[in-house]
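Dear colleague,

Please find below the structure that I am handing over to you. My notes on what was found in it follow directly.

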Amino acid sequence: MSLLSILGVISSAIFSGTSLLYTTWGEILDERAGIVNLGLEGVLLVSASTGFAVAARSGNPYIGVLAAMLAGGLMNLLFGFMVITRRANQLASGLALMFFGFGLSALIGKPYTGTMIKGMPRFIFPGLAGIPALSTSQFKFDVLIYLAVPITILIWWLLFRTRWGLSLRAVGENANTAFAAGYNPRLIQYQTLFVCGLLTGLGAAHLSIAWTMTWAEYMTAGRGFIAVALVIFSKWHPVRAIAGALLFGGAVAFQLLLQAMGIAISPFLLDTIPYILTLLVLIAWGGTRRHAAPASLGRVYQGSE
Amino acid sequence: MSQITSTPSRSSTSVLIAVQVIVRYLFIFLIALVLFGMILVIAGKNPLAAISDTLSFTLGSTFGFSEVIVKMIPLVFTAIAVALPSRVVLINVGAEGQLYMGAWLAAWGALTFTSLPAWALLPLMALLGMIGGSLWALIPAFLRARGLVNETITTLLMNYVAPSIVTFFIYGPWRSRGDALFPQTADFVPAARLPAFFGTRVHFGLILALILLVLYWFIMKYTRWGLEMRAIGGNPQAARRNGIPLTTYIIVIMCLGGAFAGLAGMSEISGIHGRLRPGFSPGFGYMGFLISWLSGGNPIGILIMSFVAALISAGADILQINQGLPYAVVNLLLAITLFVVLAHPTFLKGKKA
């Protein structure tokens, strides 16, 4: 295998893994604050369709990205209303949010099915343009991919070095204790869900606006659930999430590579690789990492009245 | 979930409870319909035209009504496939995948044992369908029972694998030589087709589904198994300490759920399509999940909500043509209904004991 094709595989791994990385971060924050959000699949779809529609209408992909983020935030606030204010079951509400997203995104995206947009400019990272192998290959990325690096640091800093991050983690471990310590668990959970929505919206925007540059019904193909699995794999840590996202992205790239090499495996069977890989990752680490989970994950905060 | 299952209060008769249940469902559905209408207005559609189109097609003609019943059959199966595991606090979101694997194994039976008479072939296909679905459910059940992975996420992920396997077989080994345009398996022999009634597409699967529903109600209410399952549902740890085999129940109940979803797949391909097609299910498994949660696992509730969901689903076919709405709006309306149920607004709590 030539250097060029290796770079090509890495490049497509990064492209397919980015939306997953943002989504995994969102889910990490949610779960750190004690909320399991199974609805991210629906949030991704609504954000992807809204972002794409706005980008196609306005002709400006960046406005599309902002719209996708806002849509994600709003979707998660709806989820927050269910699980925080109405104290509904988190798993059921998450799945209801997923179905809501299936329907709403189809409605939003319908007029734009088959539309192509220009997408976002892709460029070689300024300092690396001198390396010849890179400049001739597909090693050009959009700004959302580069943005992932500072956002990694930002999330790590927010979660582990700020007062807000401390209160968020305190709520996830024990909401009643956090309340006794003077925090407002409900407010913190709402804030977390909104930030998660923004991140998921960024991921969705990368999927529909920057990478595929199209909209198709159910285009996220389970990324919202794979993100939930990757949270366990990354032990609820934002930096480890990068490894998880690259692993999944690599599975997609591997699948594309096998197809490109003309290996006689049905594309329908290759399609299943990322899901089977995710399942295997869950089986390998699901049991052993349970102790790393926030202590009151999934528990509904009943309040103190 | 328990908010809408009616708990019998001391004085009221069972008829009164039934009326209460129905009124509650109607009320929930009305709220959902208003919210749904608001979304349609925002989307620039006419909600009143959408509703009147749906109702005049589904309830206004014999054909339309029969189509609602046709759609209801797989939904009853998949709703039980979700409701049964939910009795022992298992969340089975994998009915869609289990349905596909059931259809897959049943289709293998239909394509292999072509010389068998109908009275032998149909039960064999039903059995294969149940085996296919339950084997697919066995994987998440085993992982859950061993305490490795939560079944919610595994069943969800496996939904993305099953249809690909089915499509692989349809494009590969089982592809019919006849038609190149639409990949599908060869037509099943007449003996592999479930009989239909009154010149409509309503097939024998309806009777199977209703028998299953009665059986589900009977087992939950009058048998030791039902009692033990309710005990597990109430407090798994206490149930285990009282000698109820928790692990066995998790595996058996999950596989039974998978078997019923598989039966939905078998009855669809045998009763409706007469062959295996890629993507033959428009999300019956997912809708079954919504129905099960909406009904709180209550058998009458499953029957009512399956009918309503089938009505919406049949209506969505018409709305696709008349109003240019995507079929997926079915999910939107059902999801809003589930939101209303889960948020359990105070005026719906009623006379909860």
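The contact between the two chains takes 37 residues from chain A and 37 residues from chain B, where two residues are in contact if their C-beta atoms, placed from the backbone, lie within 7 Å. On the side of chain A that touches chain B, the elements giving two or more residues are helix 4 (90-109), helix 10 (223-233), helix 12 (267-270) and helix 13 (273-285) of chain A. Helix 4 of chain A supplies the largest share of that side, 12 residues. By class, the side of chain A that touches chain B divides into 24 nonpolar, nine polar and four charged residues. Here Ala, Val, Leu, Ile, Met, Phe, Trp, Tyr, Cys and Pro count as nonpolar, Asp, Glu, Lys and Arg as charged, and the others, Gly among them, as polar.

Please note that this is a predicted model, in which local features need pLDDT of at least 70 and side-chain atom pairs count only at pLDDT 80 or more, while totals for chains, interfaces and linings use all residues. Residues are numbered from 1 along each chain as its sequence is written, and chains are lettered from A and ligands numbered from 1 in the order in which they are written.

Chain A has 13 helices and zero strands; these are DSSP runs numbered from the N terminus (helices: H or I, at least four residues; strands: E, at least two). For its 305 residues, a compact globule would have a radius of gyration near 19 Å, and the 19 Å of chain A agrees with this. That radius is taken over C-alpha atoms, and the globule rule is 2.2 Å times the number of residues to the power 0.38. Along the principal axes, the C-alpha atoms of chain A fill a box of roughly 65 × 45 × 40 Å.

In chain B, the axes of helix 8 (residues 205-222) of chain B and helix 11 (residues 246-273) of chain B come within 10 Å and cross at roughly 165°. Axes are lines fitted to C-alpha atoms, for helices over the stretch in contact, and angles run from 0 to 180 degrees between N-to-C directions. Gly205(B), Leu208(B) and Leu212(B) in helix 8 of chain B meet Phe260(B), Leu263(B), Ser267(B) and Gly271(B) in helix 11 of chain B. This contact has four nonpolar, three polar and no charged residues.

Finally, Thr152(A) lies in helix 6 (residues 143-161) of chain A. Not counting residues up to four places away in sequence, Thr152(A) touches Pro238(A), Val239(A) and Ile242(A).
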